[in-house]
Amino acid sequence: MKLVNMATCVRARLLLQRSGLSLGLSSRLLPVYSSPFLSRAHRLGPSDDEMYQRTTVSVMQKESGGGAMIHSYSPRGFNVDGNRVFGPCALLPPAILQWNVGSYKDITVESVALFHMLEPRIEVLVLGTGARTERIDPTVLALMKSKGIAVEVQDTPNACATFNFLTSERRVTAAGLIPPPVSTALE
């Protein structure tokens, strides 16, 4: 109820000021309703003591872009941010590497070692196994789980889309991708 009365008084005072009439408000109420803080046009300045503070920002490290994005794939390899990568590749937050696997059967504890040795630690590893989603050796999945890394195993076209989505959300993501055969290629 008090807020409604206060707002009504402020509106009435503004209307009366514009019309040139005056209203006999008590001197006790006058400072509250004539306060510059109730006016939208008031800007703080150095004379407004405690309310005025200059903000300074120091950029310690420029934020990197959204990370690597996969623009296309083919049976020969991948186009990652304009870089052509031939054959299987490992996409890491700081780099794009050739990945020495021929098929999903070659994904072993040794071949995923580079993913769990990274600093900063990756959150999600996306594995693209070619044309179809294939079963990965359970010891590989157990190793990654013990290192605190979630593993997403998908066919390569879906793995590319998942990697791009996670990267666009600024998640720390890596991918191990095997090129798909001709029938699923996107150029």
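Select strands β6 and β8 (residues 173-177): five bridges join them, and the two run parallel. Strands here are DSSP E runs of at least two residues, helices are H or I runs of at least four, and both are numbered from the N terminus. Two strands count as paired if DSSP finds at least two bridges between them. Now pick L125; its bridge partner in β8 is A174.

This is a predicted model, where local features need pLDDT of at least 70, side-chain atom pairs count only at pLDDT 80 or more, and totals for chains, interfaces and linings use all residues. Residues are numbered from 1 along each chain as its sequence is written, and side-chain values use heavy atoms, leaving out hydrogens and water.

Next, show strand β7 (residues 150-154). Five bridges join β7 to β6, again parallel. Find G128: Q154 in β7 stands opposite. Then trace the chain from β6 through helix α4 (residues 138-146) to β7; this β-α-β crossover is right-handed. That is, with the strands pointing away from you, the path from the first strand over the helix to the second runs clockwise.

Last stop: C89 and C160. The structure holds zero disulfides. C89 counts as buried because its relative accessibility is 0%. C160 counts as buried at 4%.

Methods:
Disulfide = S-S within 2.5 Å. Buried < 20%, exposed > 50% of the residue type's maximum accessible area, 1.4 Å probe, protein only.
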